[in-house]
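Morning, everyone. Please take a look at the model on the screen, and I'll walk you through a few spots.

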Amino acid sequence: AYAKTALKITDAQTKQWNAVADVIRKQAKDRDAKIAAMRAKFEADKGHEAEPGPGREFDMIEGMERRQKMMTERAAALGELIAAAKPLYATLSDEQKQMANHLLMRGMDGDHGHRGGWGGHGPGGHGPGPDGQGPGPGEPPPR
């Protein structure tokens, strides 16, 4: 809702906006489910740790494969967002594009790119201040 207001989405742009918002909501729901599953697994494994030894040591190949899987999933999610965002971006005025560029880059910098897509709003996210310009309250100035 914040990004929609900041971008001044018109009635004519609502269909394209909704497509982007739907992707962002779906991806957030998927992330939340994945985090809940990891927490449940962690809780279920508590107290069942095996003694250190073979099989419990760090496995470099498994670590690289886990990282590859995560990167592949993130690339697919980004592709899904790009596919939804392109039609919207094409309808934006120059002023709206400037704001969209600001919102998107603020949402993707640092470790906040996974927390809310356009605007990075959500837990720990960033976005412009209430006036739609510059950092929000308590945020550091842009780099």
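Start with Gln 13. Leaving aside residues up to four places away in sequence, Gln 13 touches Lys 8, Leu 88, Thr 91, Leu 92, Ser 93 and Gln 96; contact means heavy atoms within 4.5 Å. Gln 13 sits in the loop between α1 and α2. Helices here are DSSP runs (H or I, at least four residues), numbered from the N terminus. Is Gln 13 buried or exposed? Its relative accessibility is 4%, so Gln 13 counts as buried. Buried means under 20% relative accessible area, with a 1.4 Å probe and protein chains only.

A word on the source: this is a predicted model, where local features need pLDDT of at least 70, side-chain atom pairs count only at pLDDT 80 or more, and totals for chains, interfaces and linings use all residues. Residues are numbered from 1 along each chain as its sequence is written, and side-chain values use heavy atoms, with hydrogens and water left out.

Next, the helix pair. The axes of α2 and α3 come within 7 Å and cross at roughly 160°. Axes are lines fitted to C-alpha atoms, for helices over the stretch in contact, with angles from 0 to 180 degrees between N-to-C directions. α2 and α3 are therefore roughly antiparallel, the word for angles over 145 degrees.

Last, the core. The largest nonpolar core has 17 residues. Such a core is a set of buried Ala, Val, Leu, Ile, Met, Phe, Trp, Tyr and Cys residues joined through side-chain atoms within 4.5 Å. α2 gives the most to this core, five residues.

How values were computed:
Buried means under 20% relative accessible area, exposed over 50%, partly exposed in between (1.4 Å probe, protein chains only). Helices (H or I, at least four residues) and strands (E, at least two) are DSSP runs, numbered from the N terminus. Angles under 35 degrees count as roughly parallel, over 145 as roughly antiparallel, 65 to 115 as roughly perpendicular and the rest as oblique.
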